[in-house]
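Hi,

Here's the structure I said I'd pass along.

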Amino acid sequence: MKIPKGWHELTINQFQELLPSKTEGMNDISKTIHEITTLTGLTYDEIRKYTNKEVKAVRELTAWLSEDRPNVLKNRYKVKGVWYRFEVNASNIILDQYAFSMQTLQDLKDNPETVEQNLHLLLANVSRPIKRNWRFKWVDVKDYDLLKMSEDFKHNMTMDVANPIIVFFCHLSKNLTKITSDYSTKKVEEMEKAVKDLADTVGL
């Protein structure tokens, strides 16, 4: 049985499965079983056969879940054999991708888990695949599948990488005063408000 030893081993998908909304309406026993199956990959029936002592032992190994999420931003990160960088300039993000991010944030007031539930998609929008060129310098990969990237992030990126990126992006976006001439002033104001709401949510 493999149990994540910390945020550096917890994938975005596992993190999303541990959100409060996933166990809403469950009793304490069902919540515990759901948490253990999410972290270990064991089935519901397998966990039901555990003794109270065994369950307690597993819970003790996952006490780190109550600790603060990581906040050390990595310049480059590798996911499923591919290297990526974080786009540090929000104004350089492709309009469609930025618009999606802002549209997602508009749901924050109705659903406080919006960012967490869409974490893999938001991260894909602010990440760029990179490779070494013939001079051994890092360069952006021009053609990539955004949907595939988001799925790779969901199932393979760990939270020690994911959390600092999204928090930093939110902080960066707070200072963005102009996106592009294609957006009206009203739209920009709506975007900035959405980012401010997000920043408040993540504690910036």
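Below is what turned up when I went through the salt bridges.

First, keep in mind that this is a predicted model. Searching the whole structure gives seven salt bridges.

Let's start with Asp152, which sits in helix H8 (residues 146-156). Asp152 pairs with Lys80, with the closest N and O atoms 3.6 Å apart. That one ties together distant parts of the chain: Lys80 is in the loop between strand E1 (76-79) and strand E2 (82-86), and the two residues are 72 apart.

Asp152 has another partner in Lys148, and here the closest N and O atoms are 2.9 Å apart. Both residues are in helix H8, four residues apart, so about one helical turn separates them. Lys148 comes out as partly exposed, with 46% relative accessibility. Put together, Lys80, Lys148 and Asp152 form a linked network of salt bridges.

The other pair I'd point you to is Arg85 with Asp140, where the closest N and O atoms are 2.8 Å apart. This pair also links distant parts of the chain, with Arg85 in strand E2 and Asp140 in strand E4 (residues 138-140), 55 residues apart. Arg85 is partly exposed at 21% relative accessibility, and Asp140 is partly exposed too, at 28%.

Cheers

Technical notes:
Residues are numbered from 1 along each chain as its sequence is written. This is a predicted model: local features need pLDDT of at least 70, side-chain atom pairs count only at pLDDT 80 or more; totals for chains, interfaces and linings use all residues. Side-chain values use heavy atoms; hydrogens and water are left out. A salt bridge is a side-chain nitrogen of Lys or Arg within 4 Å of a carboxyl oxygen of Asp or Glu. Buried means under 20% relative accessible area, exposed over 50%, partly exposed in between (1.4 Å probe, protein chains only).
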